[in-house]
Every structure is written in structure tokens, then in C-alpha cells.
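Colleague: I am new to this structure. Could you take me through it?

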Amino acid sequence: MANTTRKGYESVHGTNPQYIIEKITRSKIYECLYWKQHCFALTAELIIDVAVKLKYCGGTYGGLRKPSPFICLILKMLQIQPSKDIIIEFIRQSDEKYLRILGAFYLRLTGSALDIYRYLEPLYVDYRKIRQRRLDGSYAIAHVDELIDDFLHKDYVFEISLPHLTKRYTLEETKQLKPRVSALTDIDKDLQEAHSHKQESEQQSEKPKIKKECRDHDRGHGHHHHHVREAEIVKVEADRGRVNDAKKSAPNIEF
């Protein structure tokens, strides 16, 4: 039947892959027109042609909780279980952003903690805008890196309960993952280097100015001593003149 998981499927988190999506949501997907028109008889190769036509991402919306094409394709992928290599190619390609989100969300639902961190964290540098449909049917602008952060840290995304994800620091403590280096670290280094270069250039430009001020101060101090010396000499000459005048005018007294 069109709604059953493929024969010989591999259980995911100990259950049928389709059961990751709640039964009421699955029933709505099976009954919607998009599922019947576009998802019937899809294979792992053909799903790409349908996925590149996505115009937004989301779960269910509106008063009747109508399934979005995005969540319909997720359920179809859970049915047919594309190989890991195909999902990784969905994530790594950069031309189709909704195809990337589709692969990333599927990996979050079915992948191991190591694979989830390994393949989703590099998408933090993807800042492209995407359209997301809300519960009330309205649209909102989000970004790829924001959704990736939701996949890694939230319990519910697109009205679907996400499987438990081992905390990153736990995997770091057991040496299974290396500490993540944020893209902002390189930016901080560049800013610090630019700031240090600016300080060095300012200090170098201030040195000639300080030397000039010191020379001007020394010159001014020397001129000041020269003027003081001249004033002292003039004063001494004046005193000598007054003494001589006094001697000339004084009477001669004899004893």
C-alpha cells in the first residue's frame, strides 16, 4: 500500500520510522491532496525533483491543521528511507536551500547524535532567508542557521516531537567530538589584530610629536635662561653706575 513503510525497513530509535510523526498528523498527511498527487510512488531519486519546488517549510497550519508539502515529503522520506549518502548530499549542496533544510530535518529525526552534530553544525554559516509557515497559516521570515539551531536545541519543531539528542558536552567529555569552534572566533581574532595594529600605528605617530615637543621645550628653556642672564648683567651695571655717582658727589671728610 502507498502508506506503508518499505519492506525490510530499518527501525529508527527502536520503532517504525513513520511513527516518529504522531498518528493524527500522519492521518492528515495521508488524506491531503498533495500527498496523493505528488508523493505517490516517489523514490529516493525522484524526491529531489519534488523537493526543489518547495516554496516554504513548516508542519501543519490553519484551523484544520492542513499538512504542508514540506512535512509530507518528510513522511515520504521516512517511508522509503533514502540512503545516508543521499541525505548528506541534500545537506551539503548549497543551491537549493529548502532541499538542504529537508535533508537536515530528516537527519535530525533519524540520525545518530554524532552525525547530527557533524553535518548540521557547519550549516550555522548559512544565513539565507527562508519562508516558514506558522500554525495560523501566516508566513514568517526565518534563516537557515536559526532553524539549524532549533533542530539542535528544541524539543518540538514543525509541531513534531524530536527524538532525544545527546548533549554536545557529553560527547566532548567522552572524546567523541572535538570542541566546536565558532565562526565568530575568527572574527574576534581579526578585530583584535586590527585593534592592536591601530594602537601600534598611533604610538608610532605620537613618538615624533613627543620628541618635537621636548625639543621645543628645551629651546624655550634655554632662551629663558639667556634672558635672565642678560637681565642680571644689566642690573649689575646699573648698580655699579649708582655707586660711582655716589662716590663723586660725596664730600671729603678729614680727621
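Predicted model: local features only at pLDDT ≥ 70, side-chain atom pairs only at ≥ 80, totals over all residues.

Colleague: How many helices and strands does the protein have?

Modeller: The secondary structure comes to 10 helices and six strands. Helices (H or I, at least four residues) and strands (E, at least two) are DSSP runs, numbered from the N terminus.

Colleague: And what share of the residues counts as buried?

Modeller: Of the 255 residues, 36% count as buried. Buried means under 20% relative accessible area, exposed over 50% and partly exposed in between (1.4 Å probe, protein chains only).

Colleague: Let us turn to H5. Which of its residues are buried?

Modeller: In helix H5 (residues 84-92), the buried residues are Ile 87, Ile 88, Phe 90 and Ile 91. They cover an arc of only 155° around the axis, which puts them on the same side of H5; the arc is that of the directions from the helix axis to the C-beta atoms. Asp 85 and Arg 92, on the other side of H5, are exposed.

Colleague: What covers those buried residues?

Modeller: The cover includes helix H3 (47-51), helix H4 (69-80), helix H6 (97-110) and helix H7 (113-120).

Colleague: Which residues of H5 and H6 meet?

Modeller: From H5, Ile 87, Phe 90, Ile 91 and Arg 92 meet Leu 99, Arg 100, Gly 103, Ala 104, Tyr 106 and Leu 107 of H6. Contact means heavy atoms within 4.5 Å.

Colleague: What about H7: why is it described as largely enclosed?

Modeller: Six of the eight residues of H7 are buried, so H7 is largely enclosed by the rest of the structure. The buried ones are Ala 113, Asp 115, Ile 116, Tyr 117, Tyr 119 and Leu 120. Their cover includes H5, H6, helix H8 (144-153) and helix H9 (168-173).

Colleague: A change of topic: where is Val 52?

Modeller: Val 52 lies in the loop between H3 and strand E1 (60-61). At 34% relative accessibility, Val 52 counts as partly exposed.

Colleague: Which residues is Val 52 in contact with, leaving aside its neighbours within four places in sequence?

Modeller: Those are Glu 96 and Leu 99.

How values were computed
Residues numbered from 1 in each chain as written. Heavy atoms only, no water.
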